[in-house]
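The following note sets out points for a colleague's review of the model shown below.

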Amino acid sequence: MRYFRHKDCASDVRRKCMSSCHHVNSHLFGPRLPLLYTWRRDNGPIPQKASFLDDRRVLILPDAQVEDSGNYTCRVERAGRATDSGTISLLVQAAPFFMFPLRDQHVDINSTVSLRCQAGGVPTPTYAWFKNGQPLTSIPDDVEVSGNVSRVMLLTSGNLLISQIQPADQGRYTCTAENLYGVALGQLYSASCVSARGGSQTGLYIINTQFEHEGVYTCRAMTVDDSAVSSAYLTVQGPPSEPAGLYGQVRNTSVHPYVDTWRKSRGGNPVLQHPVQVQHRICLALQIHANARNIVSPMNLSYKPKYFQDIFLPELPIAETVNQEQPTKCSYIITDLSPGSSFSFRVSAVNRYGVGVPSQPSAYFKIPDAAPRKAPDTISNMFSSMGTLAFTWTELKPEDLTGDGVGYKVYWRKKSDSISDDRWQSDTVTGRTNSYVALVGEENFYLEYEVKVGAFNSLGNGPNTTVYIIMSAEALPAAAPRNVYGYGYNATAVTVFWNRLDNTRQFVRGKLRGFRINYWLAKDASVQRFSKVWCESCTTALVVGLLPNEGYWVNVQAFNAAGLGPKGENYYMITLLNATTACKYSGEVSTLALAEEPLVGYKLRWWPATENVLTAHDTVVLGHQTSGVIVGIKRGIVTLFAFLASALPGTATSRPQSTSH
């Protein structure tokens, strides 16, 4: 057993458990019992990421980490008769890494602070501190750095303890951890001093600053004998405030919302955009509109209310939203709203610092009822039976098809090259649906039809879609593959051939999808099987899974979406014999060292590549012959073999080779 002690972090560990057994008697021809290998770790379970090879003889630990260290024991057993074990000590070494991030500190004068610097790594790292980029060392009459009792102490844990904080201690502190494998640089500490109860330095901190904090701030310092006053104006920069005063007017199918003008935010930064979000009462999803005066381009993007902050903002300049009649107001014209629907809206403001808080939603506005304004989307084929024309379309959203008596009107006609042929057939389907099946007659199978669809309600018809080309339903193929023949491919497969089928509407009566090969045993026609080939132009197929040296009948059918066509003529063929073959191998002979036992022969050990080595067969070659014949290898199977030199009292193994026959 080999012993392994050190490994770099993030590398792969591969350990092999080596064992050998000596046979005093029948060392060459005697039975070989398998060796069973098991692994365990003393300080915990084997990591889940571990894998094993060669019947668990090889242990692999990918991307080894420090926590994978420990004592790994391999135990080998042969049929409960003999056991042995060995232990591998694995120590994963790694460059330093910080376990806790460094954070800025604000502390009072004369207080104590501990700057934390703890890093992991193997071996244990050493620490160093820097202040403003310079090594932190002792300065006479200023700072005394030591590991004992002093105002600034470097602790063994790596932490820096500073007591009796003074203004001179302010600065940027950096911690480094170093070992043989690298250096880790800690994030910067920015330490500042605050006098909360008098002293030489004072400060005012405003947390979560808001616009209402803007204004003049005055600081007064007083002693027994005198006082001093100083003032400063605080300007708060940030996104605009929430718009207010929303109201609107409905004109036909558009809403004119108004909002109080915010040409500048409280921080003095001009408002650049005023995006509007529209919400439908039915689906409760918001749509952003970039529509302003003389702009008609709805973006139709839907979002859930709780995700307002993620909505894309259109580039709508504030100058285009100022109402000319009421300059103190901003207004939008939101057009292309669905008739009969109710909408609410809200407004945000944008400046160079970002998007402000949106306003409260307005009341709902009812758009007057009218005929649908939108047409359905894409029309496509739908599977149906012969003699029909079936198609489907994308149904309009509830907010786009409102009112009473809703439905769809469908139109179709056979495609013609004649411009004057305008004989549309039509039908009406009521309710909210998205499909239709028209009867066109069995003689009109697999023909091109022009189709269009429009929505309607009790107030009128909406626009129709553009014209789409739809194929009528397919019919069963009328032609059968001819001149079927074939021959045995091997003991369990045959190759079948046929003439190319005339792939026209007259014979295929649809889109040719492929061919089905039917086959059955000549001596038992009660069980019939088939194999499909999905190919339009195929003229051959390989049928597998047959019995060796047996007679089979075969025929071929074409098929399309409607089903199978007529069968071709039957053809009789026989599979080949299930023969085995012999493989002759010759190779280089491994020489033995002078101190080893005399060579007595060789073993050629072979097994299929898809099976375990425990199922291997041995072919024995005595003496010093350099070639042998392996009998029993099957045709078409990749076979692995190993070349073993035999000498008392054991066997030497060569590297496995592979061959195919």
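1. Lysine 49 is partly exposed, with a relative accessible area of 34%; here buried means under 20% relative accessible area, exposed over 50%, and partly exposed in between (1.4 Å probe, protein chains only). The model is a predicted one, in which local features need pLDDT of at least 70 and side-chain atom pairs count only at pLDDT 80 or more, while totals for chains, interfaces and linings use all residues. Residues are numbered from 1 along each chain as its sequence is written, and side-chain values use heavy atoms, with hydrogens and water left out.

2. The side chain of lysine 49 forms a salt bridge with that of aspartate 68 (2.8 Å, N to O); the criterion is a side-chain nitrogen of Lys or Arg within 4 Å of a carboxyl oxygen of Asp or Glu. Lysine 49 lies in the loop between β3 (36-41) and β4 (51-53), and aspartate 68 in the loop between β5 (58-61) and β6 (70-78), so the pair ties together parts that are 19 residues apart in sequence. Strands (E, at least two residues) are DSSP runs, numbered from the N terminus. Aspartate 68, at 5% relative accessibility, counts as buried. By the salt-bridge rule, the count comes to 13.

3. Lys603, Arg605 and Asp618 are linked in a network of salt bridges. In the bridge between aspartate 618 and lysine 603, the closest N and O atoms are 3.9 Å apart. Aspartate 618 lies in strand β48 (residues 617-622) and lysine 603 in strand β47 (residues 599-608), so this pair ties together parts that are 15 residues apart in sequence. Lysine 603 counts as buried at 4% relative accessibility, whereas aspartate 618 counts as partly exposed at 34%. The side chains of arginine 605 and aspartate 618 also meet in a salt bridge (2.7 Å, N to O). Arginine 605 is buried, with a relative accessible area of 10%.

4. Aspartate 169 is found in the loop between β15 (160-162) and β16 (171-179) and, at 5% relative accessibility, counts as buried. Which side chain does the side chain of aspartate 169 meet in a polar contact? The partner is the side chain of arginine 151, at 2.8 Å. A polar contact is a pair of N or O atoms within 3.5 Å; within protein, one must be able to donate a hydrogen and the other to accept it, and residues adjacent in sequence count only if both atoms are side-chain atoms. Leaving aside neighbours within four places in sequence, aspartate 169 is in contact (heavy atoms within 4.5 Å) with Lys131, Arg151, Ile162 and Gln164.

5. The largest nonpolar core has 22 residues, of which Val496, Trp498, Leu501, Phe515, Ile517, Val543 and Val556 touch the most other members. Such a core is a set of buried Ala, Val, Leu, Ile, Met, Phe, Trp, Tyr and Cys residues joined through side-chain atoms within 4.5 Å. The elements giving two or more residues to this core are β40 (493-497), β41 (514-521), β43 (540-544) and β44 (551-559). A second, separate core of 19 residues includes Phe391, Leu401, Val429 and Ile470. Beyond its neighbours within four places in sequence, valine 556 has contacts that include Pro481, Val484, Arg516 and Pro566.

Note on methods:
Helix = DSSP H or I, 4+ residues; strand = E, 2+ residues; numbered from the N terminus.
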